[in-house]
Amino acid sequence: MRSVKVYEEAWPLHTPFVISRGSRSEACVVVVEIEENGVKGVGECTPYPRYGESIASVMAQVMTVIDALEKGLSRDDLQRLLPSGAARNAIDCALWSLDAHRQNQTVAHVLGVPLADTIITAQTVVIGEPVQMATRAKALFDAGAQLLKVKLDDHLISERMVAIRDAVPEATLIVDANESWKSEGLAARCQLLADLGVAMLEQPLPAEDDAALENFIHPLPICADESCHTRASLASLKGRYEMINIKLDKTGGLTEALALAQQARSEGFALMLGCMLCTSRAISAALPLAEQVTFADLDGPTWLAVDVSPALNFTTGLLHL
């Protein structure tokens, strides 16, 4: 018989995390612990209001399957019982963690996935005035970050991007517009980014406006984030996006994320691996996907004033395994 614990945590950030939907001062997560025969597995998720999630709603979802979990619910059965999203992610990752700990291994080892000693991760440049963003980008690059993810809203696009590129001419830049742009003027903005050597543009339009990308000629790859959750999303992304951003909180756990990665690659999509504001627990759960992706954006724990123990070893722009 298993025992299951579900609880919430709030982790303060060392500086506010600013995106187009506002500023956050802490990472609020839900944790699921599953213990069986003295072995414990732990999973974590970050509820995301964009998808109608809250701490309360996610914990309520988890509670609906507690009895089944205690009686031995499998990962396959979990996929059928709960929809994709944060709640299923925390449970799915706890089950993977439990299996790995039974074998005294990491999940990557269980899956036979070799991991590099270091993984290049994007470091995020949050929204601000052009000079602020350029200063932040240079500080990150000088500290060792090779890949910078620039958050943008619908204002001062050229001013911000020109200032950043001038400050870090050698950095690899990717841009995340977080659904804040409109189709009008998109071609010109894409050309601006391409001219500045930006490597990829993530989710420029609201997900419900994806039709505007149909046969849209653009000079740099466009990546689907909010538009891509599971394998069921892929059919509608063809001809619109070249890349997808896989996040376990969207897929509903590692089980679906692995399947999504395999199918997406077979259909010609490049992959990005992302995260929410989270602790090292959530990043550890996603690591089996790291070797498949073009870009890894795993800097969630680097925003925390204090991380879970034991924590992963981050330096600016690098995750050391």
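Q: What makes Glu-179 count as buried or exposed?
A: In this predicted model, Glu-179 has a relative accessibility of 10%; because buried means under 20%, Glu-179 counts as buried.

Q: Why is the contact of Glu-179 with Arg-50 called a salt bridge?
A: The closest N and O atoms of Glu-179 and Arg-50 are 2.7 Å apart, and since the cut-off is within 4 Å, the pair qualifies as a salt bridge. Glu-179 lies in the loop between strand S7 (172–176) and helix H8 (186–195), and Arg-50 in the loop between S3 and helix H1 (55–63), so the pair ties together parts that are 129 residues apart in sequence. Arg-50, for its part, is classed as partly exposed because its relative accessibility is 30%, and that class lies between 20% and 50%.

Q: What makes Asp-99 and Arg-75 a salt bridge, and which parts of the chain does the pair link?
A: With 2.6 Å between their closest N and O atoms, Asp-99 and Arg-75 meet the requirement of lying within 4 Å. The pair links distant parts of the chain, Asp-99 being in helix H4 and Arg-75 in helix H3 (residues 75–81), 24 residues apart. Both residues also belong to a network of salt bridges that includes Arg-2, Glu-36 and Arg-102.

Q: How do you know whether Glu-214 and Arg-240 are buried or partly exposed?
A: Arg-240 has a relative accessibility of 17%, which is under 20%, so Arg-240 counts as buried. Glu-214, at 37%, falls between the limits of 20% and 50% and is therefore partly exposed. These two residues form a salt bridge, with their closest N and O atoms 2.8 Å apart.

Q: What makes Cys-228 count as buried?
A: Its relative accessibility is 1%, and as the limit for buried is under 20%, Cys-228 counts as buried. Cys-45 is buried too, with a relative accessible area of 1%.

Key. Residues are numbered from 1 along each chain as its sequence is written. This is a predicted model: local features need pLDDT of at least 70, side-chain atom pairs count only at pLDDT 80 or more; totals for chains, interfaces and linings use all residues. Side-chain values use heavy atoms; hydrogens and water are left out. Buried means under 20% relative accessible area, exposed over 50%, partly exposed in between (1.4 Å probe, protein chains only). A salt bridge is a side-chain nitrogen of Lys or Arg within 4 Å of a carboxyl oxygen of Asp or Glu. Helices (H or I, at least four residues) and strands (E, at least two) are DSSP runs, numbered from the N terminus.
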